[in-house]
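Biologist: I have a structure open and want to learn how to read it. Can you take me through it feature by feature?

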Amino acid sequence: MKGEIYRVAGPVVTIMGIKPKMYDVVHVGNEGLMGEVIKIEGDKATVQVYEDTSGVKPGEPVVNTGMSLSVELGPGLLESIYDGIQRPLKVLQEQMGDFIQRGVTADGLDRERVWDFKAVASVGDVVEGGDVIGVVQETMNVEHKIMVPPTVSGTIKDVRSGDFKVDDTVCTLEDGTELSMVQKWPVRLPRPVTKKLMPTKPLITGQRILDGLFPVAKGGTAAIPGPFGSGKTVTQQQLAKWSDTDIVVYIGCGERGNEMADVLNEFPELQDPKTGRPLMERTVLIANTSNMPVAAREASVYTGITIAEYYRDMGYDVSLMADSTSRWAEAMREISSRLEEMPGEEGYPAYLSARLSEFYERAGCVHSLSGEEGSITVIGAVSPPGGDFSEPVTQNTLRIVKVFWALDAKLAQRRHFPSINWLTSYSLYTEGLSGWFGENVSPEWVSLRNNAMDMLQQESELQEIVQLVGSDALPENQQLILEICRMLREYFLQQNAFHPVDTYCSFDKQYKLLKSISTYGDKAMIALESGIPMSEILALESKDDLAKVKFEEDFDGVLNEVLAKMDKEFAKLGGN
Amino acid sequence: MTKEYKTITEIAGPLIFLEKTEPVGYGELVHINLPDGTTKRGQVLDSSADVVAVQVFEGTGGLNEESGVVFSGETIKLPVSKDMLGRILSGSGEPLDGGPSIIPEDRVDVNGASMNPYSRMPPEDFIQTGISTIDGTNTLVRGQKLPIFSGSGLPHNEIALQIARQAKVPGSDEDFAVVFAAMGITNEEAQYFMQDFEKTGALERAVVFLNLADDPAVERIVTPRMALTAAEYLAYEHDMHVLVILTDITNYCEALRQMGAAREEVPGRRGYPGYMYTDLASLYERAGVIKGLKGSVTQFSILTMPGDDITHPIPDLSGYITEGQIVVSRELHRKGIYPPINVLPSLSRLMNSGIGDGKTRDDHKAVSDQMYAGYAEGRDLRGLVAIVGKEALSERDQRILEFADLFEDRFVRQGRDENRTIEDTLSVSWEILSELPESLLTRIDNKYIDKYHPAHKSN
């Protein structure tokens, strides 16, 4: 089927002469630029084109592929770096140099690479969608399960182990269907599951304020909104680095090229805290920077979540970071306005809310078709204009997600990192996860956490008084609360992402650190009540020593020394 | 190719619409011959089989239905050559200095192509600007885009010029160039820049593009693209380290809004087009370093925030694209402090990769964080002092309050020609930090205190 171009206006091209279906991928123009049908009107159809359309003329040919935008799923996804429509950036560089030219197609998966396929199903087995027919060791620690595509079922006629390329046939069914290691899946369609489950395990991130105060569950959803410069990207990258998931999908959606370069440079060097292998071996990166075509940016989050779903179906815990969903929403707005659609709030299309919820709903803890338990945790950064959380993207996101990490420019300005505001943030998983914390961290953990939250709440109220009358006017026990909160903020909540030790803090360390601060608080309160002057309690050296324990390689050793010193110092003061 | 159409059906603002053309490429360059013999240039914005819309760079004044339109068959290209250095060109690339036209070594599409993120080299070479508030607390690195967010009446031009004069990578002597693009600034401001370039000899190493306040607004849309194309050419074909100064981004965005309105587009926030983020990104993202190539493009744009409002769409969208910002403060300016850079809202995102042992000094980050924390708290305390008086503050708070004053007076304030090395900047930092009790220096590892604190440093 061949048609021709009727009109070109930036990334939106109107075609005529063919009858495509909605969301069909078409190639437009002499260079065959890739695009997707987004509107059909009479004999004309509107296409959003994923590449620059300069110089494209009316009358140039259009070819319909008849397929909707799909990704290739199979071994070789890990360690890859893709653009928004799954073209490997490395291949693009080899083919067209340092700048992205257009009209280049590239397979998502390397066709030449040979994999050692081990069949686990046998001839005569009856298989259906999701069943595992064999495995491939994709990277040192990730075993890639080759599954029957969700829409296929039958009896195996032939299956063999051996060295294969991704599109070689590894299995044949009685009805003649040939299965290879690669399957295609349309990105806008969620991959099917048997059942969705309630999330019960926390995603351990090694970030004290997140794990300690506002945990997200594996299979949960979280949003990080914040004005520019408040640390969204650093937080997202910390999560990508240290989350205890099996697979990480990181989508740089409309963000900075240099930051992506930094990620591309850093991830192969960093070690996975769980396995000690390079982080890249469990990571898929999707980089569609802000100056790359806007339609591909719109597609990039779907490409990412489809890849995440594929690994979830194998029974893995996957975390997906999207930085930033606001850029995705803006891409929708830009395309919508080129279509001259009636705008909703602030020019965003009226379907913004629906699209956002469809996307976040693809997260979750599930029983896959083959009965494996897997999860996708989605963490979306939001970049509200002017840092104003009342704008549509933030508000529509908050209606869906269960965890809200509110970044605060004021905190960032005083170099309090991560600059997550402990008063406005929340997590709806704290209740559900308290059982897990009691069992795996300490029975005391939940009460320690609640205490800390209480104190910080009190601090904010006391600060209001201090603003009016000065801190000296407060009674001594309240001054002590302020001091303990300062310790909580500086010793516990602040965490240096660039410090080799402090960048990741295990639950054990988090617990001990919080416990030590609480111990000091209790002892100080007793001392104060027995009449020891405030200035002497505050002057204890062990209190200041506690500040730097988190930076120590030998955390336990140093902490025990500090605690012993604290005991001695309090004993000297008397009262305890 | 040279077919002339006289089929204009509508002229609206900077746009013309014409009918019955052969197929015309999107983004094609257009020449328009006026009845009086003059020629204007434009670009195709919307091309369909029936109607073609063209935006006219020099404005549509004098145009009528008799005017002839010629489509060039190619997108806008800039003739580039190493001989551009030392030349002054108009906002659309024509020589203004009376010199000969440039003999091109190549002709390059001004829209550029986006750099493959995989080819980018993470920027990490420290650039010393000689200004403490930048080097010490908001370090600039090669390949970064760091704009100055300023307001009207503030000395952002002086700061930009001081940076252009002083910026260098310590210990290196590599080829550098300055590309300066003026967008809608006044003749007087342009003169100020040109005189300084001439005085310091920088003009020989500079390419200047001038679109002044009375030049057509539409031309402003191509001016920065021309400048960046020239910069990329010098950087990636001639191995130069190019510093690009774009001023003023606000005028550029106004032109964008004007175009959007003329095209009757659905406006976004405050009437600016919904694609302004993408459009600005296509400028700002043209900075960086490429693996395996010697040159680099560093951007230092100037942006005046309307009403000093950092949440206005122009600074807001810019801040989401650029790698930080240097914020010029009216309050410090009123106090008579030069350069009036307020470090608190300022930020350099790439600072961490450009500082530290082997680049600047091992204690750099800790010192910077400590000063930020101290100054932020000190400024808060100033608010408190206004209510309760200094006496009501605790001893600790009084020391921090004094630190904030010292910070402004000794660290921020410097001379217009004072070129501080990074060592100077860090010594000033330690001098003022040593005025605080050591127990307050919680951001600094003990080993740095032992090594650098004036009270400990073994001579």
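Modeller: Start with surface. Accessible areas come from the Shrake-Rupley method with a 1.4 Å probe, and for residues only the protein chains shown count as cover. Chain B exposes about 16500 Å², and carbon and sulfur atoms supply 47% of that area. For chain A the accessible surface is about 21000 Å², with 49% belonging to carbon and sulfur atoms.

Biologist: What ground rules apply to the model and its numbering?

Modeller: This is a predicted model: local features need pLDDT of at least 70, side-chain atom pairs count only at pLDDT 80 or more, and totals for chains, interfaces and linings use all residues. Residues are numbered from 1 along each chain as its sequence is written, chains are lettered from A and ligands numbered from 1 in the order in which they are written, and side-chain values use heavy atoms, with hydrogens and water left out.

Biologist: How many helices and strands does each chain have?

Modeller: Helices (H or I, at least four residues) and strands (E, at least two) are DSSP runs, numbered from the N terminus. Chain A has 16 helices and 26 strands. Chain B has 13 helices and 21 strands.

Biologist: What does the radius of gyration say about chain A and chain B?

Modeller: The radius is taken over C-alpha atoms, and the globule rule is 2.2 Å times the number of residues to the power 0.38. For the 576 residues of chain A, a compact globule would be near 25 Å; chain A has 27 Å, which agrees. For the 459 residues of chain B, the rule gives a value near 23 Å; chain B has 25 Å, which agrees. Along its principal axes, the C-alpha trace of chain A spans about 90 × 55 × 40 Å. The trace of chain B spans about 80 × 50 × 40 Å.

Biologist: Which residues does Thr306(A) contact beyond its sequence neighbours?

Modeller: Contact means heavy atoms within 4.5 Å. Thr306(A) sits in helix H5 of chain A, residues 294-313. Leaving aside neighbours within four places in sequence, Thr306(A) contacts Val71(A), Leu73(A), Trp185(A), Val187(A), Arg191(A) and Arg362(A). Thr306(A) is buried, at 0% relative accessible area.

Biologist: How should I read other positions on a helix?

Modeller: An α-helix has 3.6 residues a turn, so residues three or four places apart point the same way. Thr303(A) also lies in helix H5 of chain A. At 1% relative accessibility, Thr303(A) counts as buried. Its contacts outside four places in sequence include Val71(A), Val187(A) and Ile286(A).

Biologist: What should I look for in the backbone angles?

Modeller: Most residues other than glycine have a negative phi, and most peptide bonds are trans. Tyr23(A) is not a glycine, yet has a positive phi of about 65°. Tyr23(A) is partly exposed, at 29% relative accessibility. Glu79(A) has a positive phi near 70°. Phe417(A) and Pro418(A) are joined by a cis peptide bond, with omega about -10°. The bond from Thr247(B) to Asp248(B) is cis, with omega near 5°.

Conventions
Buried means under 20% relative accessible area, exposed over 50%, partly exposed in between (1.4 Å probe, protein chains only).
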